[in-house]
Amino acid sequence: MKKRERGFVISWYYPPGNSSEGLVTFKLLGHSKYFYDVWTRANQWQNVWDRKSDERELVAKNVRTIENDCSSMEKWVKNGLEYFTQHRDEYDFIMSRSMPAESHELAIKIKERFPDIKWVASFGDPIVNTPYIDAITMNGENNPFRVREYLRREKLSIPRTAKLILSPVRNAKSYLWQRDKQVGEKEAKKLRTINNNVLQKADVLIYNNEYQYEHAFSDIKLKKYKNKGRILEHSFDADLYSIEQKLKNDKLTFIYVGHLDDTRNANSLFRAILHLKKKDADLDKKVSFDFYGHLSEKNKLYVLEHRLTDVIKIHEDVGYLESLKIIKSADWAILIDANFTGLVDDCIYLPAKLMDYIGARTKVFSISHVKGAGSDIIRDVGGGKVVTHNADDIYLYLSKIIYKGYSPVPYDEKKVQQYSAKEIAKKLDCIEDELMEN
Amino acid sequence: MKVLSIIIPTYNTELYIERCLDSLLYNDKIIKYLDIIIVNDGSSDASLKIAKKYQGLYYDSVKVVDKKNGGHGSAVNAGLVVAVGKYVRVLDSDDWVDIDNFKEYVERLKDEKADLVVTDVRKQHLYDESELDFKFKENSDRPISIEKVKKKVLEENFFFEFSIHSMTILTERLKEVWGDGLLEKTFYVDQQFVAKIFMCAKNFIEYHINIYMYFIGRPGQSMGEGFFKHINDHERVLRWLLKTTDDNKLPEYYRTIVSRQIILMLRTHYGAYDQQKLSKQKKAEIINFDKFLKNNYGKYYQLARVSFIMKRILNPMKDSVSAKMIRYYKKGER
């Protein structure tokens, strides 16, 4: 009997660390027919993306983790290369998973040292040419502290303009901004180099949705690699939900589980809730909005300043399995994408939590671009409502839900199953079978 | 009795039309007063299917007109033919109404006597999640003579205070002046719609409530870059407006109001002249139009010229009218 092939998976995030990217990888690999060794970082909480919980229960029989020092990315990459070099014979292929891009960086080094190794590169999110990365690297931004920018914003008198030109505070701000931009540009250049190397050297490129796939090859110079691309959506794992039946809640419950920040925020949702509260003093008796995980300080302050604490509850982060219980027991689960209207037409991101919501058969209230990966899936499988980031739009549908008993088209069970971890893992197996055969 | 006909021109807005209809049908108590006319303008997506679903659910208040594609104007024309409400207004299928204010608005329309009702518009900018309200400042509980609008036309926000999005007109009155209706397969016919209202309305009232949620942020909207693509339509509407000023049967105030409309449109039209995105052929067409204007409507030609220069001087940073165009005017290169 032929031995089952083993892959060396490079993923900075993986359980027991709790992060979206790691959980996506766990659900995918755990249902595959292949064996995997996951080169990951030791479970130390590094930043806000690492939720502060330990997912020791998440173990897959076919997956072994090799945790390594994560005091620096460089060290983690260097050690990974050494480890792989010593164990080269144990592996039939490698798989690298971003974010972060350093996973791909290690794969590039392995491929350079062992050109015969097959390589599957998987992009959780694109690492170049995206609004998120542009925001981090300040790509395309003009220095807001230049005099020209002040003049663009408002009409200034000649004496005020002269004062502005000579202002030491403005000059200092301008210098610091420029310095930060240079750091950002260096980072952007590094990411571009990694991306181009991955596209050139990997045998298969995985994207989690059609929009992302098209976006990745929108640059004419990169179109030649398009035929390496495959689409593998995120998934839900039906075995991980511990509650079988939905419970009847005293009032309508909306929940959000996961990370929000200044870019992907709840601004318009909170404005809509405030509007509802102004119209209905008893709103708290009818509905609750529970947020589990990180929220921006601005959002937290908004809740306090507008006395919304009776309706909006902000909770500590919870573990993944606990989050599934919360999702399952809620009436509606909220999905929020970043608002990139004006920068991109469609949303190229597919939030992993959408699949957990669908797996729980909980109704999804999605605040997103009208067109995009998540929005298309919701419309296809049913069970949810997509609204824009506009507060009045959100208000309209929250009103319909709370006061008119609005309910979306029910879930289409057959379509839901397409996103089960077992089905998605089958697609991965096909990709890897093809890779092994060629 | 149907109090309000709402004409909804619909073209490939399957992702938006439900919001539009859901907002109109939110308040059960007023549904019976509504005559919602969804005019499917040859959509190739599921817009018609969605429209028919709502027609099935609210058969007494929603009707669907299905026609070949002929543009926004043709859809309004088709809708007006079947409109039976006391008043009529137009609502684009990607926009929607404020659910709280809409009920009050319909209730008030039941006993309204004015020819024209003006409501506020909330412009929704999706890209920065901001809103901008356009309100008319006239304060009166009783209808005011339309001549008062003359005063308003000198103010900058004219387009939104008196726009297709803010105006509700007596249906029979509008039908009297409708004639050939709006131009088909043409953008910017909303200017025609406004002009037609001023042809027939003798008085108006302002409700000081936000009704119309005007949505900015949908890909493919005719605003912004689309202007360069549709500049010929802009010229067609301009020519139509200019022609109406020849009609001596129309009251004097009509000419004053429409003049303001024409000047603003001319400014936008010429502003496109040295934009890089505009082809040479289209630039030549602007020059030809300019000659036509000078030869046939000298008064507007002069007014437009003053308007360009003043706008440039008063507001140099925000002006879309190019310096090149001003030079062109100053030198009289024609």
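Predicted model: local features only at pLDDT ≥ 70, side-chain atom pairs only at ≥ 80, totals over all residues.
**Entry 1: the domains of chain B**

I found two parts, domain 1 (4-216) and domain 2 (226-331). Next I asked how many residues each domain brings to the contact between them. Domain 1 of chain B gives 18 residues, and domain 2 of chain B gives 18 residues.

I then turned to the side of domain 1 of chain B that touches domain 2 of chain B, and noted that α5 (149-152), α6 (158-161) and α8 each supply at least two residues there. Which of these elements gives the most to that side? I found that α8(B) does, with six residues. By class, I counted 13 nonpolar, three polar and two charged residues on this side of domain 1 of chain B.

**Entry 2: a helix pair in chain B**

I looked at α8 (residues 190-200) and α11 (residues 252-271) of chain B, whose axes come within 9 Å and cross at roughly 170 degrees. Angles over 145 degrees count as roughly antiparallel, so I noted α8(B) and α11(B) as roughly antiparallel to each other. I also wrote down that their crossing is right-handed.

Which residues make this contact? From α8(B) I listed Q191(B), V194(B), A195(B), F198(B) and M199(B). From α11(B) I listed Y254(B), I257(B), V258(B), Q261(B) and M265(B). Sorted by class, the contact of α8(B) with α11(B) has eight nonpolar and two polar residues, and no charged ones.

**Entry 3: the domains of chain A**

Over to chain A, where I found three domains. Domain 1 is written in pieces, 6-130 + 190-235 + 424-437, while domain 2 covers 141-184 and domain 3 covers 238-417. I checked the centres of domain 1 and domain 2 of chain A, taken over C-alpha atoms, and they are separated by 42 Å.

**Entry 4: a sheet in chain A**

My last stop was an open sheet of six strands in chain A, with parallel pairing. I read its order as β12-β11-β10-β13-β14-β15. Which strands stand at the edges? They are β12 (312-315) and β15 (384-387) of chain A; each has a single partner strand, so one side of each is left without a neighbour in the sheet. From one strand to the next, the twist averages 20 degrees.

Inside the sheet I picked out β10 (residues 252-257) and β13 (residues 332-336) of chain A, which run parallel and are joined by two bridges. Along β10, I saw that I255(A) stands opposite A333(A) in β13(A).

Technical notes. Residues numbered from 1 in each chain as written. Chains lettered and ligands numbered in written order. Pairing = 2+ DSSP bridges. Helix = DSSP H or I, 4+ residues; strand = E, 2+ residues; numbered from the N terminus. Axes fitted to C-alpha atoms, helices over the stretch in contact; angles between N-to-C directions. Domains from an automatic or database assignment. Parallel < 35°, antiparallel > 145°, perpendicular 65-115°, else oblique. Left-handed = near helix turned anticlockwise from the far one by under 90°. Contact = placed C-beta atoms within 7 Å. Nonpolar A, V, L, I, M, F, W, Y, C, P; charged D, E, K, R; others polar.
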